[in-house]
Amino acid sequence: MLDVQILRNDIHNVASKLKERRGFTLDVDAFVSLESARKTVQSDTEHLQAQRNTISREIGHAKKNGDDQKASDLMGQVSEFAGRLKSNEDTLSELQSKMRDLLSGIPNMPNDSVPIGKSEEDNVEVKKVGVPRSYDFEPQDHVDIGEKLGMLDFERATKITGSRFSIMMGEMARLHRAIAQYMLDTHTRRHGYTEVYTPYLVNADSLFGTGQLPKFEEDLFAIPLTDEQKFYLIPTAEVPVTNIYRGEILNADDLPTKFVCHTPCFRSEAGSYGRDTRGMIRQHQFDKVELVQFSHPDHSYDQLEALTGHAESILVDLDLPFRTVTLCTGDMGFSSTKTYDIEVWLPGQNAYREISSCSNFEAFQARRMQTRFRVGQAKTEFVHTLNGSGLAVGRTLIAVLENYQRQDGSVEIPQVLKAYMGGVEVIEPR
């Protein structure tokens, strides 16, 4: 969340920037009202505490002088102060809870380098790598390729669970696994990430920390445990990995800390009905290799460039054409200050499609999680958090199928994946 001190110092400027860049209307009156009430209660509390301390000293003097009656009268006043202080504490706690609710619904402030815009039409291309292949036949999409191979089944997956699920079989399932393994090996061996294995279920505190709760609960799959408690299936490994250090203080010398994690991801895709319903582009369950970094604030934008490069390198290795765009303010995620989208070329759709989002959140998530690093012996600061897909495994599979398809329905295996496929060079129809 945003630093409340910034809001206290210049609420109208913050509101203006959020409106201009995010299209978000900050409830200034609600914030000002809560702040005014907090100041009043806090001031009264401090006054009562000062009076209580003064009377406590007087009680000590009275007892020392043997004036038991005066000491008894003064002790009665202290008891009265205790009741009023308890009432103030309860009121202050309620006000802080309301303020936390207000702050938790405010999006992050975009970095000044982010282009201002309203939708993906206003995103800015910063890089294009590779040239789409030419085919002497009409290229098919991954659905037709997979079904003709006899290795991709949506009908049975729908029978087992429902729509937007799939079953992969044989060498396609092996290719999916090979892609994930190649990504993990590349990021750990070449880019210096530490591989982690995390839970696929998380609690509400974890989702609050990374910004999915409370605003985006409808996008999640919840698993009730009791009437008052529930777990959630992870929408991305960002959630459990970023929360590894929730409530902890890191050493500055350990920054940047870099983790990579392969998990399934689960999303309800609320509000996306009618979009990408064909095939594996937008499913309720998919795999992703996630990159997460904890950075010193002075270096987080350099780390964002590096992290984005790490994700791009997988597409370079696979010889898949792609482009990278900077998301405009209107297309960015709730918690991000700057995001790059990497879009891979899909000949079956004749279009570039997102395969990774790489974001810097600055201290927005760290403030929600209370994740700090130590500066010197006493002072602490919030770390900056970053993450990005390195890459979405299913969409990478789609890109390989479509870009490496052959006219007879077979699919070539990219050179770097052949060792992970046990030497298989071509996937033939079953």
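Which residues does Thr263 touch, not counting residues up to four places away in sequence? The points below take up this question and several others.

1. Basis of the note. This is a predicted model, in which local features need pLDDT of at least 70 and side-chain atom pairs count only at pLDDT 80 or more, while totals for chains, interfaces and linings use all residues. Residues are numbered from 1 along each chain as its sequence is written, and side-chain values use heavy atoms, with hydrogens and water left out.

2. Thr263. This residue is found in strand S9 (residues 257-266); helices (H or I, at least four residues) and strands (E, at least two) are DSSP runs, numbered from the N terminus. Thr263 counts as buried because its relative accessibility is 1%. Buried means under 20% relative accessible area, exposed over 50%, and partly exposed in between (1.4 Å probe, protein chains only). Residues up to four places away in sequence not counted, Thr263 touches Thr198, Tyr200, Ile234, Ala237, Phe286, Asp287 and Lys288; contact means heavy atoms within 4.5 Å.

3. Thr339. Strand S12 contains Thr339, which counts as buried because its relative accessibility is 3%. The side chains of Thr339 and Ser336 make a polar contact (2.7 Å). Such a contact is a pair of N or O atoms within 3.5 Å; within protein, one must be able to donate a hydrogen and the other to accept it, and residues adjacent in sequence count only if both atoms are side-chain atoms. Neighbours within four places in sequence aside, Thr339 is in contact with Val325, Thr326, Leu327, Ser357, Cys358 and Ser359.

4. Strand S11. Four of the five residues of S11 (residues 322-326) are buried. S11 runs antiparallel to strand S1 (residues 124-129), joined by five bridges, and antiparallel to S12 (residues 338-346), also joined by five bridges. Two strands pair if DSSP finds at least two bridges between them. Val325 in S11 is the bridge partner of Glu125, and Arg323 stands opposite Glu343 in S12.

5. Helix H1. The end C-alpha atoms of H1 (residues 4-22, 19 residues) are only 18 Å apart, short of the 27 Å that a straight helix would reach at 1.5 Å a residue; the expected span is 1.5 Å times one less than the number of residues. A kink of about 110 degrees is centred on Asp10, the bend at a residue being the angle between axes fitted to the seven residues ending there and the seven starting there. The buried residues of H1, including Leu7, Ile11 and Leu18, pack against helix H2 (28-64) and helix H3 (68-104). At the start of H1, a side-chain oxygen of Asp3 reaches to within 3.0 Å of the backbone nitrogen of Gln5. Gly23, which follows H1, has a positive phi near 70 degrees.

6. Helix H3. The 37 residues of H3 should span 54 Å, and its end C-alpha atoms are 53 Å apart, which agrees. Its buried residues include Leu74, Phe81 and Asn88, and their cover includes H1, H2, helix H7 (204-210) and helix H10 (364-369).

7. Nonpolar cores. The largest nonpolar core has 49 residues, and those with the most contacts inside it are Leu175, Ile179, Leu315 and Leu320. A nonpolar core is a set of buried Ala, Val, Leu, Ile, Met, Phe, Trp, Tyr and Cys residues joined through side-chain atoms within 4.5 Å. Helix H6 (170-189) is one of the elements that each supply at least two residues of this core, and H6 gives the most, with eight residues. Another core, of 23 residues, lies apart from it and has Leu18, Leu26, Phe31 and Phe208 among its members.
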